[in-house]
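Here is my note on the model, as numbered points. Please keep the structure open while you read.

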Amino acid sequence: MATRRRTALVLIAVMTLLLVAGGAGGSSAAAKIGGTVSVLGTWGGSELDSFRAMVKPFEDRTGAHVEFQGTRDLSAVLQTRVQGGNPPDVAALPNPGALPSLARSHALKPLGHVLDMVQLSREYPATWLDIGRVGGEPYAIVVKTALKGLVWYDPKALSAEDIRPPSIWADLLALTDRLAGRGKTAWCLGLGSGAASGWPATDWIDMLLLRAAGPAAHDAWVQHKTAWDAPPVKQAWEQFGRIATNPKSVYGGPQGVLATEFNEAPFPMFAKPPHCLFHLQATFIQDFIQKQFSWVRPGTDLAFVLMPRIAPQYAGVAQVAGDVFGMFHDTPQARALMRYLVSAEAQAIWVKRGGALSPNKGVPLDAYPDVLSRRAADLLVHAPAARFGAGDMMPPEMTAAFYKGTLDYVAHPDQLRAILGHLEAVARDAYK
Amino acid sequence: MHALLLAALALAAIPAASAAYILGAEAALARLPTRPRRALRPWVWLAPALAFVAVFLVYPTVDTIVLSLRDATGAAWVGLANYAYAFQSREALVALRNTLLWLGLFTGLVVAGGLGIAAMVERVRYDAAVRGIVFLPMALSFTAAGVIWKFVYEFRPAGAPQIGLLNAVLAALVHGFEPRAWLVGAPWNTLFLIVVGVWIWTGFAAVVFAAALKAVPAEIVEAARVDGAGEWRVFWQITLPVIGPTTAAVATAMVITALKVFDVVYVMTSGNFDTDVLATRMYHALFVDQHLGRAAALAVILLAATVPVMAANLRRLRGDEAAR
Amino acid sequence: MTRALRRGPVHAALWLIGAAWLAPVVGLFVSSLRPAQDVAASGWWTVLRHPALTLVNYRDVLTAQGLGASFFNSMVIAVPATTIPLLIAAYAAYAFAWMEFPGRRALFALVVMLLVVPVQTTLVPVLRLFTATGLTGTFPALWLAHTGYGLPLAVFLLRSFIGGLPADVLDAAAIDGADAVQTFFRVVLPLSVPAVASLAIFQFLWVWNDLLVALSYLGGRPSVAPLTVTIAGLMSSLGGGWHLLTAAAFVSMVLPLAVFFTLQRYFVRGLIAGAVKD
């Protein structure tokens, strides 16, 4: 009798333990599934380190290995792999403009059954979820974002010149000219980026147009309802040219602009004495700067202001960027990775390391490692309107021509009309 | 390790399979009467090579020509529209211009440089060392060469320390020299890319020319010298004509190389700043624009440019055959 | 004598040429041994005054950037792609050189003419073929493709050589009762070793250093990427990370340089055989 009861008790204890253990295992992110999941992205260097750190908990938890390939020539490589029948399992696209054609050709898999869209709509502001939708269906999700159109500067260098960052664009231009008169180049700029060289210039032009003509005009331009040689577009180019093609305004002159890599362009700001004072770039440049100059303290040695306003009604309109993650192979590992990446937990990892902002409301502001990124995250959430950069929204063929066009413009500023005419010709082909 | 196993298997299996193939085929042939056996035998030996060549060279060439007359996805016929693009659009014209520059300058510099070095090196004792040094870049990939020379051409604005060899050397030699971004300014940047190609291939030309020069009959040269001819005249009027066939062979090889240039341009400038050549333009059309028709048309233009080279080769071969 | 007059300038010119040819490679090597901040801050020639060398770039590049795996991939691609064409080309060369059949001259001319066909002309159709057969992104795809691309040169070189073998040796074998196969394996092949060797070197170097074919047919998958593809990718993603790029380039150069130096003799011989009239 006693033995039977004891056996029963032991059995119940064991079963309870099993239930609890099994239940606990099930309720955490994923069971051990092993295998590999291949990811294609543009990152290298410290950005890649951050991505690897972000997926490490996923690898540990599921036993799946994340195989990453990085290239700046992402459109070409992705197309090669898709056409060749061996796409990556997951790709991080910096350009949502490529989504429609990828979805239409069924290269991209719809995510409605993979992700918990109800949960996501609570965690993501609606505009951010819409970015990844094609025809209403979710095909990609923004995982990492950046705020663009920030004028970076070294506060100590500015105070040494007895300057405060202007809040009106015209004033900033006047300041640039004044400094040129004193023999100092006010701006640092670098357009080099391998096959994608020229994209920082497209951010400049995009920002100038957004600030001068507003989000609606920006949309019309991106959709090619406005021609490339139309006034608002042409003016944006010319404003950009005032700085980038003037050897007195930009360090290294136009030659330097073309020959310098984008990630090294702000470094002359920190030379002693500084070779330039301002650099227009997105939030991710902070990471590059801090890795190169370990003594730079955000806030004291490095700060930013939003690009000064041009038209008062469009002040504060944000230009944003992001990496949209999409799934090309429906495998258990790819699904698990997608579910992991959209979570606040995953995104907080990169956020904490710096150089990334998260659209997920679940990531608290104090996860941001310093005062600058916290401010950027705050601005991102409270912007009156936000637009992805035009280069990221246009069809890939148009974007490639846009990038090259800016390189041509910096090299030959007098040929703006011809360059814009050529872009118009490409557009007629690209927007079919 | 899976890949290693596969490779080891291939290494052992393919020669074994090839040997088995020929043995089996010959055994089958032995069963046949003499006449058909003799007629069939060459084809048995030729079959594997012909099969490979047909699949990887002949069929694709024909298919590309067909594709060049079709649209972006290869679905519909568009006649000569892609060729119109190739000869009218700005990007393609730039690529054509640059390819012509490569054809002329690269070939000319390599042939002249190779011949010059071979001629000079003939007279010194350390000829093997010089030839070895000049030949060394042939062992490198164009990619590695691209890295090496991009570093040589590196630009830093005036006042900053120069890390690129060219700017540094010029700054040291020329008073008041302003550093330049060599790869940025068209059309000179194509010239600087051609320099990279010349650096790689001149060694090849030098080695071939050195061997050819050694084969020039000494009596003819001596006879000319005795007659009072100076070094230059001997070179131009005796030596050059004798090595004519070699010069033609080297020039042919260089023309083909110039037409195919891809890696140097792709790795150093991605075709930016107007440095595109036909091959990079074709790559761009295929993988970025995803326009099968245009990519094929550019490839066909490349092919057409090699037809004169093919014809010349053919004539030389016929000459060879006749001599046997 | 006129000859003595030209000695001085010739020596000077040759030394200058030698220096100009080596300087870029030396620059690469020295830079790969310098710490990152130094490479970006000063020219490599300054190490002559302030030597400060380190191996850390090599360690980084071999492990973190995956160059060790790429080196392995390059080997896995290059070795079979070199050996497979050899025997196939030898069969064809033997047939072209020593067998009579109608259209021999025309067919040989066709095969040699294919030498000038640019790889780009074959990219699109072969890619579609590989996709249809599921071979894209696999090593065998590259082995097959490089075999196809390398055969015209291989057949041309081997045919020249085999055709030049003394007829009496082959006749002697026939008299001894050897048939075609035995003649081939016992007489022709052993005698052709120098040509086969030089061909093997050519093909190996060409495949090892190839970028376009690997880029197109391997579809950019990192696990199968050879050195050239990885380095090209590094160039575009790191931009100015010269300390790593120089180390990576040097890693990719080590093997071909070793092959080249030890087997230079055969390489040169092969070149000359094709281009110089006998």
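**Notes on chains B and C**

1. Start with where the two chains meet. In this predicted model, 88 residues of chain B are in contact with 85 residues of chain C. On the chain B side, helix H2 (residues 34-67) gives the most, with 17 residues. Sort that side by class and you get 70 nonpolar, 10 polar and eight charged residues.

2. Next, look at the largest nonpolar core. It has 319 residues. Which of its residues touch the most other members? They are Ala49(B), Leu298(B), Ala89(C), Ala92(C), Leu142(C) and Leu158(C). Helix H5 (residues 67-98) of chain C gives the most to this core, with 18 residues.

3. Pick out Leu142(C), one of those residues.

4. Now a pair of helices. Two packed helices are described by the angle between their axes and the distance between the axes. In chain C, take helix H6 (residues 104-113) and helix H8 (residues 139-163). Their axes come within 8 Å and cross at roughly 130°. H6(C) is therefore oblique to H8(C). From H6(C), the contact uses Phe108(C), Val111(C) and Val112(C). From H8(C), it uses Pro152(C), Val155(C), Phe156(C) and Arg159(C). By class, the residues of this contact are six nonpolar, no polar and one charged.

5. Turn to the domains of chain C. Domain 1 covers 2-54 and domain 2 covers 66-275. How far apart do their C-alpha centres lie? The answer is 33 Å. Nine residues of domain 1 of chain C are in contact with six residues of domain 2 of chain C.

6. Stay on the domain 1 side of that contact in chain C. Helix H2 (7-32) and helix H3 (36-41) of chain C each supply at least two residues. H2(C) has the largest share, four residues. This side of domain 1 of chain C has six nonpolar residues, two polar and one charged.

7. Finish with chain B. Its domain 1 runs over 2-51, and its domain 2 over 81-323. Taken over C-alpha atoms, 40 Å separate the centres of domain 1 of chain B and domain 2 of chain B.

Terms used
Residues are numbered from 1 along each chain as its sequence is written. Chains are lettered from A and ligands numbered from 1 in the order in which they are written. This is a predicted model: local features need pLDDT of at least 70, side-chain atom pairs count only at pLDDT 80 or more; totals for chains, interfaces and linings use all residues. Two residues are in contact if their C-beta atoms, placed from the backbone, lie within 7 Å. Ala, Val, Leu, Ile, Met, Phe, Trp, Tyr, Cys and Pro count as nonpolar, Asp, Glu, Lys and Arg as charged, and the others, Gly among them, as polar. A nonpolar core is a set of buried Ala, Val, Leu, Ile, Met, Phe, Trp, Tyr and Cys residues joined through C-beta atoms within 7 Å. A residue is buried if 20 or more other C-beta atoms lie within 10 Å of its own, exposed if 12 or fewer, and partly exposed in between; C-beta atoms are placed from the backbone. Domain bounds come from an automatic or database domain assignment. Axes are lines fitted to C-alpha atoms, for helices over the stretch in contact, and angles run from 0 to 180 degrees between N-to-C directions. Angles under 35 degrees count as roughly parallel, over 145 as roughly antiparallel, 65 to 115 as roughly perpendicular and the rest as oblique.
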